[in-house]
Every structure is written in C-alpha cells, then in structure tokens.
Amino acid sequence: MAKAQGPAQPSPKLQALLKDFQQIASMSGYLNHSFDPPQLRLFFTLYGRVMVASPEQGLALTPQLQAWCEALSTRLREGSSATIMAPQIQVSAPQTMPDGRDYLVATVTFNTKVTDTSYLRIRTAILAAYQDAVKMREVGFVEETSVIEPNLGDVAGLPAEGVDR
C-alpha cells in the first residue's frame, strides 16, 4: 500500500528553530507558527507589563509605555533587516490584580518568516525584545535611567527622539 503524499514535512532544522523561538517567546508572551517549507512562519505576542501604585499612575504612564512599544517595534524591524513585519501595539487601561496591585500592560504582536539564512538576525532582534519586556516587568520604568533610553540611540544610528537626555 503506497503512503499518501501529504504536505511537505518541515526539515529537522526548521523544527529546531521553532523550539528555539518558542523558548524565547515563553519569557514574556507566546508564539503561534506554521511550517511553509523551506520557511517557518512565526506569529509572536509579547507582553510589556509595568506595575503601578494606582490606576491614576497607570494612566499617567500610558504614553511612556506606548513610546516603549514603539521603540521596541523599531528595534525589531531594524534588527531583523525589516524581515519582521510592522508590529501592532495595544496598550490596555490600568488593571487590578486579584491581590489588589495595579498594573498596565501593552501587547505587541508581530510576525515573520524564518529561513536558514535569516534565522540569526531575526533571533537576535526577537531575543532582545523579549529581554526588554522581562526587564520592564521586573524593574518597571526607572525615572532617570529609563528602560528604553539605552537602546533608543542604537537603532541604526538614528537620533533618540522623545527622550530627554
């Protein structure tokens, strides 16, 4: 009995790349995917969360979180040589956790196609973005040494806009 020909199976290399990206995404979000040999399509969701003292402080920090997301999106595009499509950003209203603490969260969704040749630059850009999200979740926005400040000027030599130095 002949075996039915199904869709082309992804290479072991693409399967290994998927596992690597899933580990990165688990830091502060999640990842959906599809195989389209010889490439891998990745659909990321990244959460940027910052704890706030009150809903009012959350509202006051909303523009700063929006700016953080926009800077992160620019770094993703630049770092991946525009292989990562333009991210979509959504910043929520301040929310309260069951324990009574307040927080503000931004969702950044983006997608890309990965091949053997584009893997490294895409991985580097995405890893940096998820690491930034983890840093913000752990330390929040720090007044004079903002989480976004050190990286803004590094985007392809562009001037850092919107940051007082």
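In the predicted model, 39% of the 165 residues of the chain count as buried. The accessible surface of the chain comes to about 9,500 Å², and carbon and sulfur atoms account for 53% of that area. Four helices and five strands make up the secondary structure listed for the chain, and their order along the sequence is α-β-β-α-β-β-β-α-α. Among contacts between residues at least 6 apart in sequence, 62% join residues at least 24 apart.

Five aromatic pairs are present in the structure. In one of them, the ring centres of F21 and F44 are 6.0 Å apart and the ring planes stand at 75°, so the pair is classed as edge-to-face, the class that applies over 60 degrees. This pair links distant parts of the chain: F21 belongs to helix α1 (residues 12–25), whereas F44 belongs to strand β2 (residues 39–52), and the two are 23 residues apart. Both F21 and F44 are buried.

F21 also pairs with Y119. Here the centres are 5.7 Å apart and the planes lie at 80°, so this pair, too, is edge-to-face. Because F21 lies in helix α1 and Y119 in helix α3 (residues 119–139), the pair ties together parts that are 98 residues apart in sequence. The relative accessibility of F21 is 0%, and F21 therefore counts as buried. Y119 has a relative accessible area of 16% and is likewise buried, because the cut-off for burial is under 20%.

Key: Residues are numbered from 1 along each chain as its sequence is written. This is a predicted model: local features need pLDDT of at least 70, side-chain atom pairs count only at pLDDT 80 or more; totals for chains, interfaces and linings use all residues. Side-chain values use heavy atoms; hydrogens and water are left out. Rings of Phe, Tyr and Trp (its six-membered ring) pair if their centres lie within 6.5 Å; planes under 30 degrees apart count as stacked, over 60 as edge-to-face and the rest as tilted. Buried means under 20% relative accessible area, exposed over 50%, partly exposed in between (1.4 Å probe, protein chains only). Contact means heavy atoms within 4.5 Å. Accessible areas come from the Shrake-Rupley method with a 1.4 Å probe; for residues, only the protein chains shown count as cover.
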